[in-house]
Amino acid sequence: MSTRIAFLKGHGTENDFVIIPDPDNAVALSPAAVAALCDRRAGIGGDGLLHVVRSAAHPEARHLAAEAEWFMDYRNGDGSIAEMCGNGVRVFARYLRHAGLVGEGDLAVATRGGVKTVHIAKAAAGGDITVGMGKAAFPEGDVTVSVAERHWPARNVNMGNPHAVAFVDDLAHAGNLYDAPPFSPASAYPEGVNVEFVVDRGPRHVAMRVHERGAGETRSCGTGACAVAVAVARRDGADPVTTGSPVTYTVDLPGGSLVITERPDGEIEMTGPAVIVAEGVIDAEWLETVNP
């Protein structure tokens, strides 16, 4: 292993990530190593880690190499693997553009949640990036989420990863969100769930807080914002698939705002900022001590 491993730090609406460029998939990243890198006191710090690998070099993405050159090997801050991360895809694309590996315009990115289409606008660093997030699924069954003595029915939405969307009177009712809010039935989410708490701000405008599975409360969650937008649309009686008209919501998060559009074909687009803030190197000897 090289004695110096490059990294970058980036964020999308303050959902922040450690970025490890590794085109040939040569850097071993155990769950413990990822958690150490994402540690905000003893490591670099981040809600998650973006491992940048060519699809052809990664066993989980080789079958997608013909569709997308680059694979976002995404890890949660606790080292666990996640299917998708909407803010992470934008930051991933921003890194590729920053490194000169892609140009402006359309880009395909392979993820564990499928191939995502990204559009990089002609703008200065930090300008908006639009991501095609695919279609939402609505698994059947009633779900309830709880915080202390309060309980709410939640809309079950899958955006390639699972979400439970609860409408509340006050975002403070979500509590501290350090720990995962209890949900029932347990069988609804055997591998855990991202939980969003939502309040209205105005016409087609909501605000949310989120507990991200494997990360705790984060400043933003892209797939969560998409899940919230479609859940609010259904609550409001809007379904673009049946009306033939797109519907757009602005979703405010603690770290900024995202614009979510659901098209008549069911495809969802998310637009928001993505910023690279720093570059540096990791000491490989230190990484080996935390990478059993």
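Is Cys-226 buried or exposed?

*Solution.* Start with the cut-offs: buried is under 20% relative accessible area, exposed is over 50%, and partly exposed lies in between, using a 1.4 Å probe and protein chains only. Cys-226 has 0% relative accessibility, so Cys-226 counts as buried.

Before going on, a word on the model. It is predicted, so local features need pLDDT of at least 70 and side-chain atom pairs count only at pLDDT 80 or more, while totals for chains, interfaces and linings use all residues. Residues are numbered from 1 along each chain as its sequence is written, and side-chain values use heavy atoms, with hydrogens and water left out.

**Exercise 1.** Work out how many disulfides the structure has.

*Solution.* Step one is the rule: a disulfide is a pair of cysteine sulfur atoms within 2.5 Å. By this rule the count is zero. Step two is to look at Cys-221, whose closest cysteine sulfur belongs to Cys-85 at 6.5 Å, which is too far for a bond. Cys-221 is itself buried, at a relative accessible area of 2%. Step three returns to Cys-226: the nearest cysteine sulfur is that of Cys-221, 8.7 Å away, and Cys-226 is in no disulfide.

**Exercise 2.** Find which residues of helix H1 (residues 31–38) are buried, and what covers them.

*Solution.* The buried residues in H1 are Ala-33, Val-34, Ala-36, Leu-37 and Cys-38. Their cover includes strands E2 (15–21), E3 (48–54), E4 (70–76) and E18 (275–283), along with helix H5 (284–289). Now follow the chain to Asn-291, in the segment after H5. Asn-291 is buried, with a relative accessible area of 14%. Leaving aside neighbours within four places in sequence, Asn-291 is in contact (heavy atoms within 4.5 Å) with Ala-28, Leu-29, Ser-30 and Ala-33.

**Exercise 3.** Classify the ring pair of Phe-17 and Tyr-74.

*Solution.* Rings of Phe, Tyr and Trp (its six-membered ring) pair if their centres lie within 6.5 Å; planes under 30 degrees apart are stacked, over 60 edge-to-face, and the rest tilted. The structure holds three such pairs. For Phe-17 and Tyr-74 the centres are 6.0 Å apart and the planes at 75°, so this pair is edge-to-face. Phe-17 lies in strand E2 and Tyr-74 in strand E4, so the pair ties together parts 57 residues apart in sequence. Phe-17 is buried at 0% relative accessibility, and Tyr-74 is buried with a relative accessible area of 3%. Another of the pairs, Phe-183 with Tyr-189, is also edge-to-face, at 5.1 Å centre to centre and 80° between the planes. Here Phe-183 counts as partly exposed at 25%, whereas Tyr-189 is buried at 4%.

Key
Helices (H or I, at least four residues) and strands (E, at least two) are DSSP runs, numbered from the N terminus.
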